[in-house]
Amino acid sequence: MTAVADFEPKIIGFLCNWCSYAGADKAGGMQETYPPNVSIIRVMCSGRVDPQFVLSAFEKGADGVIILACHPGDCHYKEGNCRALQRHGMLNMMLEQLGVEKARCRLDYVSAGEGEKFSRVIREIVETVRALGPLLVVPDHNSEILSTE
Amino acid sequence: MKVGIYFCNCGSNIAEKISSAAVVEAAASFPEHPSVKIVDFICSEDGKLQFEESLKLEQPDRVVVAACSPRDHEATFRRCLTNAGMNPYLMQMVNIREQIAWVTEDPAAATEKAIAAIRGAVCRVRLQEPLEKKQLEVCPDALVIGAGPAGMKAALSLADAGRSVVLVERTPFIGGLPVRFEDLFPAMECAPCMLEPLMGDLLHGGHAEKIELMTMAELVEVTGFYGNFIAKIRRKPRHVSLHECIGCGECVEACPATTRNEFNSNASERKAIDFAFTGVLPNVPFLMEDVCIRANGEECRACKDACPMGEDVVNLDEVETIVERTIGSIIIATGAGLYDASRVIGMGMGTLPDVYDALQFERLLSSTGPSGGEIVTSEGIAPSSVAIVHCVGSLDEDHKPYCSGICCQYAFKFNHLITAKLPEVSITHYHRELVVPGKEAHALLRHATGHKNTSLKRYSNIKDLAVTHDNSGRLQVVDATGDVTSVDMVILCPAVIPAEGVDKLSALLDVSRDSFGFFQELHGRLDAAQSTLKGIYLAGACQEPMDIRSAMLEGMASVGHTLAGLQPGRMIEIEPATAEVDETRCAGCRLCVSVCPYHAITFDSEHNASHINAVLCRGCGTCVTACPAGAITGHHFTNEQIMAEMEGVLK
């Protein structure tokens with residue numbers, strides 16, 4: 001895999017409504033600029049993020065996915081973030097088997113007050129995925145995901 | 001399908017970075033070829049009016065509002081849709097201000113990102129469905145568990161508001177723990193005197209008829225859910241009528257059987273039929289069946305015969321009953337207890353005489369206690385030297401890691417009371433930390449430190465302290481430095497823990513507890529008076545160690561929730577953005593039941609399918625994701641809607 005010059009990664013960010021989405025709003029309120037590569041999809045809880053959303057994001061052209069949750073113990077729905085963590089672990093294994101680098105799918109925690117952390121996490125994922133280069137998906141008849149060689 | 005996009009400039013906030021002209025141009029190639037209306041401030045009064053008028057005129061099937069965060073104004077714009085005669089769930093907001101315009105340096109990049117996000121919203125909104133709020137009739141009445149400070153305050157305030165209250169108390173009396181104390185910190189008020197008006201109101205006040213007090217009772221089963229609970233309560237027989245007894249005590253005099261009195265820490269005797277302690281309210285004795293000589297098959301009706309109020313007041317044949325009540329909400333106010341100090345090695349609790357825990361010492365201080373309020377050792381003499389050990393089991397990883405919050409204050413209260421009664425006594429406080437928060441507590445600390453014979457010694461680990469006795473049998477405290485202090489009495493301040501029986505109660509209510517066994521708040525700061533289950537509220541020390549002031553406030557907070565949530569004649573609205581099971585696709589694996597944090601999902605074995613209670617569901621969607629059969633729909637956040645948004649963004 002080689003990084004392509006001028007490559008601007010497309011990244012999907014699944015943000016829970018209560019902490020991380022509010023953290024993103026906080027970053028906005030603080031006018032904390034960050035690269036525009038992450039498109040945010042709001043879900044009520046990180047526990048709603050279905051692994052198939054992530055696989056589908058890669059299939060539909062995303063080069064990276066970031067799932068942001070409430071900090072452990074702070075979940076608005078008590079333990080949805082724990083479910084997200086479990087599912088992320090499972091996703092990592094699946095992605096590895098599919099030849100997709102684990103670093104393309106990150107899970108992190110951002111509270112409603114952590115505007116700075118939000119923009120930092122966004123900058124980091126953009127840099128990580130930029131370094132990995134584009135994810136080329138070659139859909140075969142089973143619609144499986146293959147990474148670039 | 002007609003989709004209308006409303007693009008808000010937000011003055012220059014959005015317009016400065018995102019070109020509305022470019023959005024208009026791009027929208028022409030979006031699915032459904034939506035029209036774009038540019039508004040300057042859509043959330044302003046003019047803006048909303050303009051928006052509503054436009055909706056009425058254009059009659060779009062779906063609406064996208066590209067503006068600020070939905071956390072700011074989703075509710076506002078949903079109302080606009082309702083005002084315009086549309087279903088409010090047919091709108092999707094795009095956060096182009098906080099999450100694009102304000103955070104993207106380059107206007108061209110911001111515009112491109114906004115166009116992708118709006119395209120995603122258009123793709124999503126096409127799949128959004130009209131949702132209707134369901135309504136449910138509710139019972140406005142409440143069940144309060146525990147008649148201590150928090151429970152009494154809650155019951156009285158609900159009754160004042162015209163609500164009927166069932167007040168269930170496990171012991172034979174009301175007032176909780178503090179009614180057994182002599183004086184209270186921080187102002188050294190007489191405890192029974194302070195609580196008496198409250199207790200009197202509860203029993204005989206203007207709204208007392210609204211309160212159904214059940215003493216010696218406990219909750220045994222609860223079914224239903226918020227707004228419509230059915231509670232079963234076990235009433236143990238008191239054998240004396242609460243309403244007809246005048247509290248003269250003739251029956252007590254006549255009773256031939258005696259036992260130790262648990263309400264005096266077993267430090268005094270009582271009759272089989274007796275008051276819990278002097279001055280107790282309700283001022284009615286109760287009969288301990290296992291102590292009464294009738295338990296041995298002997299015939300006795302001495303108490304019944306002694307009663308001057310008639311044949312029916314003492315009822316020897318009364319049996320346990322189970323009563324059923326319908327209520328809309330439940331307030332848990334079960335209070336606290338003390339950690340068993342004998343589990344802290346080296347403190348002498350339970351092995352050495354004249355070593356007391358705080359509750360035992362409160363009874364020793366009390367004028368209604370076993371010694372009539374005289375501070376005396378087990379030999380009946382006044383102590384000349386007393387040790388008070390703070391933090392027994394608190395701030396201790398081997399026991400309870402938390403600070404119990406109230407102990408320092410009552411320890412200095414003890415100091416005040418002991419020195420008042422025994423001016424020449426010397427007192428040594430052994431403390432790990434000193435915690436005296438708030439505007440009043442310092443006075444007692446200052447009083448103690450200002451007393452000529454009071455000293456404070458700090459220790460770092462309770463293992464370094466040892467309560468032993470010398471060769472003559474006199475108590476002594478040895479500290480880490482080997483310093484020995486001879487004393488006649490040791491008072492231990494053990495960690496404050498949840499009251500006995502909360503494990504049973506939490507199991508039957510399905511309400512979570514924290515790792516310390518206290519009831520878990522819905523949110524420790526935002527919603528500290530709500531449990532994790534809807535309609536079940538927490539008040540007082542059942543959720544953490546707290547003083548009377550906090551317990552009373554918590555009692556009021558729980559009342560606030562009850563009054564705001566359930567009102568007579570008003571139905572409750574059920575949020576439609578919840579999850580629903582398609583019974584025909586459910587395979588019956590019950591994974592959803594195990595992941596739901598709100599116990600909103602039950603398994604219907606008759607239909608072999610899970611069922612989600614829409615009142616209890618909060619719409620987190622974790623069950624939707626967990627369901628291996630894809631049988632659960634998360635309304636307003638369906639798989640299809642989320643995927644469509646994602647695809648639209650990535651296109």
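Let me start with B:Glu262, which in this predicted model sits in the loop between strand S13 (258-260) and strand S14 (269-271) of chain B. Is B:Glu262 buried or exposed? With 12 other C-beta atoms within 10 Å, B:Glu262 is exposed, because a residue counts as exposed when it has 12 or fewer such neighbours. If you then look for B:Lys56, which is 206 residues away from B:Glu262 along the chain, you will find that the C-alpha atoms of the two are separated by 73 Å.

Let me turn now to chain A, where there are 4 helices and 4 strands, and where reading along the sequence gives the pattern β-α-β-α-β-α-β-α. Of the 149 residues in chain A, 54% are buried. If we take the contacts within chain A between residues at least 6 apart in sequence, 81% of them join residues that are at least 24 apart.

That brings me to the place where the two chains meet, and here 34 residues of chain B are in contact with 34 residues of chain A. Which elements of chain B give two or more residues to the side that touches chain A? They are helix H4 (97-101), helix H5 (107-125), helix H16 (622-626) and helix H17 (639-650), and the largest share, 8 residues, comes from H17(B). Sorted by class, this side of chain B that touches chain A has 16 nonpolar, 10 polar and 8 charged residues.

Key. Residues are numbered from 1 along each chain as its sequence is written. Chains are lettered from A and ligands numbered from 1 in the order in which they are written. This is a predicted model: local features need pLDDT of at least 70, side-chain atom pairs count only at pLDDT 80 or more; totals for chains, interfaces and linings use all residues. A residue is buried if 20 or more other C-beta atoms lie within 10 Å of its own, exposed if 12 or fewer, and partly exposed in between; C-beta atoms are placed from the backbone. Two residues are in contact if their C-beta atoms, placed from the backbone, lie within 7 Å. Ala, Val, Leu, Ile, Met, Phe, Trp, Tyr, Cys and Pro count as nonpolar, Asp, Glu, Lys and Arg as charged, and the others, Gly among them, as polar.
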